[in-house]
Amino acid sequence: MIKHSFILAGVFAAFATAIAFGQNGDITQTDFVFNGTSPYHNIAVTDSEGYRTLLFDDTHESRMELKNPYAGQFEYTEYFQMIWLWKPDVKNILMLGLGGGSTQKAMVHYHPEVKMETAEIDPMVADVAQKYFSYKLDDRQKLDVIDGRQFLRRAPEKYDAILMDAYTQGRYGASIPYELVTKEFFEIARDHLAPDGVLAYNVITILKGYNTSDIVASIYRTLKEVFPQVYIFEAKSSLNIVMIASLKKGATELATLKKSAQALVDAKKMTFPGFVDRVDSFQPKAPANYLNAPLLTDESAPVESLSQGVPKPATPATSAKSP
């Protein structure tokens with residue numbers, strides 16, 4: 001997760017009771033593995049019922065099954081795998097935001113040909129991911145402790161895919177840092193993509209009917225100003241959606257994606273569990289209100305107010321983070 005450099009750390013009121021709610025609603029004792037305060041986050045790591053969870057402020061940021069570091073992640077992280085449907089030859093990926101490194105670990109584990117680079121602004125997050133979430137750096141897994149937009153401005157290379165999972169704490173709660181969601185930022189990202197490259201963006205929102213949330217509509221409209229095609233994958237177990245912005249000009253439909261997904265699995269080019277099933281969450285249509293939604297620019301990007309209707313997470317799966 002990337003956060004504003006000027007956000008001040010608050011208090012750990014959300015963690016004071018040291019409890020977690022089980023799936024059946026019962027309160028169960030939670031063991032705190034780590035507590036810390038950085039200039040950007042209040043950070044906690046907890047263990048409960050076989051899972052390790054990373055918390056920033058009052059949101060669940062990442063989750064890992066203690067017996068298997070590649071399992072237990074929140075559902076929405078799996079939709080980052082959809083980039084292979086638009087770019088089957090992905091070799092290098094940049095992700096802005098680290099969290100517990102769930103997405104990063106999955107990319108290098110299930111795709112031996114992939115090199116992964118991450119930009120994370122908070123050095124404490126970088127330390128916590130390595131110490132407590134089995135995130136390991138090597139020739140294929142790189143990490144830069146730097147603001148994401150600054151990193152892209154300086155980066156000389158182009159990437160097959162850029163993944164975004166960026167939230168900060170503001171007056172209305174969690175919201176997307178404005179500098180990572182504007183038209184100008186998306187133009188920078190586009191210019192750092194290889195031919196037919198893909199950008200994937202996690203967004204937490206309330207979907208009223210079919211994708212009528214203000215923040216969804218604004219991000220969709222802003223992406224469409226820069227990318228020929230934008231699509232949505234809606235998580236079933238949370239309020240997350242993942243937007244896919246493609247440089248390919250031709251539109252696509254669910255049946256075509258299902259066929260492509262099965263072909264990747266049959267050819268053993270895709271081994272990520274449940275990949276074909278996740279394609280069913282594909283939404284090809286634009287949000288109904290997107291043409292009337294605000295265009296987000298460096299001069300005007302009211303992402304906090306657009307996000308203020310988003311409730312606090314009821315379960316870990318509603319998190320806003322880069323796992």
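Tutor: Helices (H or I, at least four residues) and strands (E, at least two) are DSSP runs, numbered from the N terminus. This is a predicted model, so keep its cut-offs in mind: local features need pLDDT of at least 70, side-chain atom pairs count only at pLDDT 80 or more, and totals for chains, interfaces and linings use all residues. Residues are numbered from 1 along each chain as its sequence is written, and side-chain values use heavy atoms, leaving out hydrogens and water.

Student: How many residues has the largest nonpolar core?

Tutor: A nonpolar core is a set of buried Ala, Val, Leu, Ile, Met, Phe, Trp, Tyr and Cys residues joined through side-chain atoms within 4.5 Å. Here the largest one has 37 residues, and Phe 186, Leu 199, Tyr 201, Ile 219, Leu 223 and Phe 227 have the most contacts inside it. The elements that each supply at least two of its residues include helix H5 (183-191), strand S13 (193-204) and helix H6 (214-224). H6 gives the most to this core, with six residues. Apart from it lies another core, of 36 residues, with Phe 74, Ile 83, Ile 244 and Met 270 among them.

Student: And which residues does Phe 227 touch?

Tutor: Contact means heavy atoms within 4.5 Å. Leaving aside residues up to four places away in sequence, Phe 227 touches Phe 186, Arg 190, Leu 193, Leu 199, Ala 245, Ser 246 and Leu 247.

Student: Now the rings. How many aromatic pairs are there?

Tutor: A pair of aromatic rings is described by the distance of the centres and the angle of the planes. Rings of Phe, Tyr and Trp (its six-membered ring) pair if their centres lie within 6.5 Å; planes under 30 degrees apart count as stacked, over 60 as edge-to-face and the rest as tilted. That rule gives twelve aromatic pairs. Take Phe 233 and Phe 282, a tilted pair at 5.5 Å centre to centre with 50 degrees between the planes. This pair links distant parts of the chain, with Phe 233 in strand S14 and Phe 282 in strand S16 (residues 282-283), 49 residues apart. Both Phe 233 and Phe 282 are buried. Ring pairs also join these two with Tyr 79, Trp 86 and Tyr 231 into a cluster.

Student: Which residues are buried in helix H3, and why do they line one face of the helix?

Tutor: An α-helix has 3.6 residues a turn, so residues three or four places apart point the same way. In H3 (residues 123-132), the buried ones are Val 125, Ala 126, Val 128 and Ala 129. Seen down the axis, the buried residues fall within an arc of 165 degrees, so they line one face of H3; the arc is that of the directions from the helix axis to the C-beta atoms. Their cover includes strand S3 (31-37), strand S4 (42-48) and strand S5 (51-56).

Student: What follows H3?

Tutor: Ser 134, with a positive phi near 55 degrees. Lys 268 also has a positive phi, of about 60 degrees, although it is not a glycine. At 69% relative accessible area, Lys 268 is exposed.

How values were computed: Buried < 20%, exposed > 50% of the residue type's maximum accessible area, 1.4 Å probe, protein only.
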